[in-house]
Each structure stands twice: as structure tokens, then as C-alpha cells.
Amino acid sequence: MSANLKKTLSELSKRGPHRVMEGDLGFTGLPGKVYTPAEGNGVPGVAFGHDWTKSVKDYHRFLRHLASWGIVVAAPDTEKGFNPNHSGFAADLETCLQIVAGVKLGQGNTTVSPNKLGVVGHGMGGGAAVLAAADNPKVKAVATIYPANVAPSAVAAARALDIPGFVIGSGKSDLFNAGNPAKLAYNWKGDVVYREIANGNQQGFSEDTGFQFVLGQGWSQSGARETARGLVTGYLLHQLAQDNKYSDYSEIEAEGPKVTSFSGEELAEKAGFAKDDAKF
């Protein structure tokens with residue numbers, strides 16, 4: 001019997017039980033924000049990377065959502081211009097992990113375990129998350145949401161990335177054709193989960209709905225954003241918090257409402273490979 005996400009996905013798509021506190025990364029010399037549960041000892045911590053030309057404020061609800069489920073999030077507000085340095089952004093994500101794992105957070109009542117670190121990103125930030133994980137042996141898992149192409153190549157980095165990965169791809173057309181999430185997943189060395197969400201794509205995940213409305217991309221994707229939040233939350237709670245209640249979120253072929261999972265030949269086809277093609 002295949003794993004089924006139906007029972008818990010609705011719950012995880014809504015706010016969690018923890019009170020959330022926000023802080024400024026500026027005191028460390030790195031622009032950005034920290035979102036943390038008000039208390040918790042040895043909780044998971046992740047760095048989050050934004051998409052091209054976006055900023056941390058465009059993900060406020062998502063980052064607070066993760067913190068409400070007991071996950072500390074540090075998000076650098078850097079490389080927001082038209083010509084970002086992807087390697088530099090990946091380095092900023094690594095710096096975020098060092099910060100959250102090294103200090104007490106909130107009002108001193110929250111600490112992050114150095115053994116529960118992950119990287120999350122959307123679009124450009126999804127590609128940078130892979131680069132950051134490839135350079136940091138302390139990272140235990142990666143979640144990428146509609147990852148875009150970056151330089152150096154995240155696909156090439158994924159071939160050597162022997163840790164669990166979660167990739168969300170698009171269930172509808174991508175206006176800018178910014179990346180090939182299925183190709184990234186297909187090239188992942190470690191265990192990888194690849195899912196697509198009905199009516200969701202890269203342009204609709206961030207929360208700057210005014211910009212999305214101009215593009216004709218945003219208003220219909222609130223449900224897809226909720227689903228993506230729930231999927232990422234469940235995956236991180238299993239992989240980093242080691243909560244087996246959410247083990248289905250790490251199952252490659254799990255089923256869920258408006259969620260389609262791909263593996264094997266199906267994933268190869270989505271990635272643009274013939275049946276017997278080698279990974280590239």
C-alpha cells in the first residue's frame with residue numbers, strides 16, 4: 001500500500017502549534033531575517049534562499065509557517081538584483097546555518113541542534129540551496145521549490161549530493177522556463193523525492209501577489225502555495241526533526257490531494273531523458 005499524505009497534509013498546510021518570534025540578521029553583518037519558535041531545545045534549523053529579484057518579505061508567511069512547526073529559519077536578504085552571484089548567495093546560506101547553530105535564539109529559550117541542519121530555497125534560491133549543501137557536510141537534507149538554473153550548475157552539484165533531497169516541480173506551464181526541477185531530481189545522488197502540485201509553478205509561490213497579478217500568475221495559486229508549505233514542512237519534520245509521524249513525506253511515491261509523485265522512468269521522462277539515457 002502506497003504512502004498517503006491526505007490525512008496530515010491539510011494539518012501541515014495550516015499554522016503550527018508554536019508561538020513565533022522574528023529577529024534581524026543585521027547584527028551579524030548579514031542582511032536578513034530569523035524566524036524561530038519561541039522555545040525549544042535542539043530544534044531543526046534551516047537556511048532559506050529567495051528567488052531571483054525577490055526578497056525575504058516576499059516569503060513572510062511561509063517562513064513564519066515553518067517556525068510555527070518548530071523549525072528555525074534564517075533567510076539572507078542578499079543578491080536581490082538582476083545579476084546575482086549564485087555562489088555568493090550559496091555562501092550566505094551557509095553563513096546563516098553557522099549563525100543559527102551557534103547562538104541562543106528568541107529570548108534565549110531556543111537552540112538549534114548542529115545535527116539537524118537543512119537548506120530550503122525557491123527558484124534561484126532552490127538552486128543555491130543545492131550549491132550550499134554540496135559545500136557543507138553538516139547539511140542533512142535539502143528541499144527545493146521550483147528550483148531554477150544557477151551557475152555553477154545545481155544539477156552537476158546534485159550528482160555528488162549523497163543526502164536526502166525533496167524537489168517540487170511545476171504542474172503547469174512555467175512562464176519564464178527558468179529551470180528543469182525534474183532534471184535536478186533525476187541527477188540527485190542520494191534519496192530524492194520529486195512531486196508536482198496541480199496549478200502550481202515557480203511564479204506563484206512567493207507572496208508578492210501584486211506582481212503576480214500583473215503576470216496573470218498569482219491569484220489562482222493560493223491553494224498550491226498552501227500545499228507546498230505542507231509538503232516542505234512534513235518533509236523537514238521527518239528528515240531533520242526525525243518525527244516518524246511524517247515519514248510518508250519522505251516516501252518517493254506517496255499520494256496526496258492535487259499532488260503527483262514521479263520516480264524511475266516517469267521521472268526520467270519528465271526530465272527529458274529517453275528510457276536508457278545516462279544522467280547528464
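This is a short walk through the structure above, which is a predicted model.

Let's start with the strands. Strands of a sheet pair through backbone hydrogen bonds, either in a parallel or in an antiparallel way. Here, nine strands form an open sheet with mixed pairing, and their order is 1-2-4-3-5-6-7-8-9. If you look for the edges, you will find strand 1 (20-24) and strand 9 (259-262), each of which pairs on one side only. On average, and ignoring direction, neighbouring strands of the sheet are turned by 20° against each other.

Now pick out one pair of neighbours. Strand 3, residues 40-49, runs parallel to strand 4, residues 72-76, and three bridges link the two. One place to look is Val46, whose bridge partner in strand 4 is Val73.

Take helix 3 (residues 86-102) and helix 4 (residues 124-134): they pack at an angle of about 65°, and their axes are 8 Å apart. Helix 3 is therefore roughly perpendicular to helix 4. The crossing of helix 3 with helix 4 is right-handed. Which residues meet there? From helix 3 come His86, Phe89, Ala90, Leu93 and Glu94, and from helix 4 come Met124, Gly125, Ala128, Ala129, Leu131 and Ala132. Sorted by class, this contact has eight nonpolar residues, two polar ones and one charged one.

Helix 2 and helix 8 (residues 222-239) pack at about 35°, with 10 Å between their axes. Helix 2 passes helix 8 in a right-handed crossing. Phe62, His65 and Leu66 of helix 2 make this contact with Arg229, Val232, Thr233 and Leu236 of helix 8. Four of the residues in the contact of helix 2 with helix 8 are nonpolar, two are polar and one is charged.

Let's turn to charged side chains. How many salt bridges does the structure hold? There are seven salt bridges, and one of them joins the side chains of Glu22 and Lys33, at 3.3 Å from N to O. Glu22 belongs to strand 1 and Lys33 to strand 2, so this pair ties together parts that are eleven residues apart in sequence.

In the loop between strand 6 and helix 5 (154-158) you will find Pro152. The peptide bond from Ala151 to Pro152 is cis, with omega near 5°. The other loop connects strand 3 and helix 2, and Thr53 is found there. Thr53 is not a glycine, although it has a positive phi of about 65°.

Notes
Residues are numbered from 1 along each chain as its sequence is written. This is a predicted model: local features need pLDDT of at least 70, side-chain atom pairs count only at pLDDT 80 or more; totals for chains, interfaces and linings use all residues. Side-chain values use heavy atoms; hydrogens and water are left out. Axes are lines fitted to C-alpha atoms, for helices over the stretch in contact, and angles run from 0 to 180 degrees between N-to-C directions. Helices (H or I, at least four residues) and strands (E, at least two) are DSSP runs, numbered from the N terminus. Angles under 35 degrees count as roughly parallel, over 145 as roughly antiparallel, 65 to 115 as roughly perpendicular and the rest as oblique. A crossing is left-handed if the near helix is turned anticlockwise from the far one by less than a right angle, and right-handed if clockwise. Contact means heavy atoms within 4.5 Å. Ala, Val, Leu, Ile, Met, Phe, Trp, Tyr, Cys and Pro count as nonpolar, Asp, Glu, Lys and Arg as charged, and the others, Gly among them, as polar. Two strands pair if DSSP finds at least two bridges between them. A salt bridge is a side-chain nitrogen of Lys or Arg within 4 Å of a carboxyl oxygen of Asp or Glu.
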